Amino acid sequence: MKRLKTDILSCLIISMLVGVGASAAIAKTVKVTLTAKETDVVIDNKGTTYPAWSYDGMIPGKLIRATVGDDIDVTLINPKSNKKSHSIDFHAAEVDMLNELGSIRPGHSRHFSFRARHAGVYMYHCASNPLAQHIARGMFGVMIVDPKHYSKTYPNPDREYVLVQSQYFPDADNVTEMVANRGWTHALINGKIFHFDPIHDGNATGALMSRPGERVRIFFVNANINMPVSFHPMAGMWDRVFVNGNPDNVLYHVQTYGVPVAGASTFDIVSPADRSSHNLLMDHTMSAAMRGASTLLINDPAADPKLGRGDRILLR
Ligand SMILES: [Cu+2]
């Protein structure tokens, strides 16, 4: 009985130390089913639609989250109603490009699995030809691989948000222009122009929120097909940047950090604790910032406690 009590107590202490988001060391299987959907989606705060190619009808696709050591069991469905072949390329996977990543025709599906071996934040995307078009039309998403434990270097954050930036090419069939990086008129954040920036778009209704002094962790993915991102928090500084999202790759007190095409990193910001404030999380590259790549973070004592937690990490 005494032994049982001691075990329960040590479990409780471990839970408190590792924080709410980290799981114990037992590996699990994460089942992921994605359906390729060629469908219209809304790409701005006014309701303008665009003929997207997507996973499950959403840009970006669903957030997949696992812990180091987990097996990811993937099923990709390409329904008969689609016109194109599609595929899925997980940047977290070490597999065979001609096998697991190969294209499947409409009416077919593919099943495979891989082990998530390295902590980080990763893009996944369709790798079918022409690659530029399948990504530009919206076939991408995010996978987070959490480390087994939080640490002094990689503390448990107060809030987490996922932001995915992409280039918007309104001429959805002009692959030549996409490859030449011409004809992109706007930048999308989580699938919409100025999605969470009511300062620069009167139709925007949402923003990211935290309480003053909280540690906010941004998992940022660059899903542009041709443009690197200079990610900068206006009126603040990145307290830490974890290159590729790996807790071992830490940089401190960074003003602007580059995220390459098809790359991702994790950014922590801690706002002043003694006042309310605002940060604009922006791509400081002007051709992107002024065309939609900015996101408002409001640090206010009245911040919704549910935002940036649970299933409200990837806002839509
Ligand atoms: Cu595709």
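Strand β19 (residues 277-283) pairs with strand β20 (residues 294-299) in the antiparallel sense, over six bridges. Strands are DSSP runs of E with at least two residues, helices are runs of H or I with at least four, and both are numbered from the N terminus. Two strands count as paired if DSSP finds at least two bridges between them. Within this pair, His-278 has Ile-298 of β20 as its bridge partner.

This is a predicted model: local features need pLDDT of at least 70, side-chain atom pairs count only at pLDDT 80 or more, and totals for chains, interfaces and linings use all residues. Residues are numbered from 1 along each chain as its sequence is written.

How far does the predictor trust its model? pLDDT is the predictor's confidence in each residue, from 0 to 100. The mean pLDDT of the chain is 93, and 92% of its residues reach 70 or more. Residues 1-23 are another matter. There pLDDT stays under 50, and the model has 12 contacts beyond four places in sequence for this stretch. A contact means that the C-beta atoms of two residues, placed from the backbone, lie within 7 Å.

Now the whole chain. Its secondary structure comes to four helices and 20 strands. The radius of gyration is 20 Å, close to the 20 Å that the globule rule gives for 316 residues, so the chain is as compact as a globular protein of that length. The radius is taken over C-alpha atoms, and the rule is 2.2 Å times the number of residues to the power 0.38. Along the principal axes, the C-alpha atoms fill a box of roughly 65 × 45 × 30 Å. Of the 316 residues, 41% are buried. Buried means that 20 or more other C-beta atoms, placed from the backbone, lie within 10 Å of the residue's own; 12 or fewer means exposed, and in between is partly exposed.

The domain assignment gives domain 1 (29-146) and domain 2 (159-299). Such bounds come from an automatic or database assignment. The centres of the two domains, taken over C-alpha atoms, are separated by 21 Å. Across the boundary, 25 residues of domain 1 are in contact with 31 residues of domain 2. On the domain 1 side, β2 (49-55), β7, α2 (131-136) and β8 (140-146) each supply at least two of the touching residues.

The largest nonpolar core has 76 residues, and Tyr-122, Val-142, Met-143 and Phe-220 touch the most other members. A nonpolar core is a set of buried Ala, Val, Leu, Ile, Met, Phe, Trp, Tyr and Cys residues joined through C-beta atoms within 7 Å. Leaving out residues up to four places away in sequence, Phe-220 touches Leu-163, Phe-231, Val-259, Ala-264, Ser-265 and Phe-267.

Phe-231 leads back to the strands. Its bridge partner in β19 is Asp-283, and its partner in β17 is Tyr-257. Strand β14 (residues 229-234) runs antiparallel to β19, joined by four bridges. Met-234 is bridged to Leu-280 of β19. β14 also pairs with β17 (residues 257-259) in the antiparallel sense, over three bridges.

Seven other strands form an open sheet in the order β11-β10-β9-β13-β18-β15-β16, with mixed pairing. β11 (192-193) and β16 (250-254) stand at its edges with a single partner strand each, so one side of each is left without a neighbour in the sheet. Inside the sheet, β9 (residues 159-168) and β10 (residues 186-189) run antiparallel, joined by four bridges. Gln-165 stands opposite Ile-189 in β10.

Two loop residues close the tour. Is Ala-119 buried or exposed? It sits in the loop between β6 (108-115) and β7 (120-125). Ala-119 counts as buried because it has 23 C-beta neighbours inside 10 Å. Beyond four places in sequence, its contacts include Val-68, Val-145, Pro-147 and Asn-246. Glu-100 lies in the loop between β5 (89-90) and β6. With 20 C-beta neighbours inside 10 Å, Glu-100 counts as buried. Not counting residues up to four places away, Glu-100 touches Ala-93, Val-95 and Phe-112.
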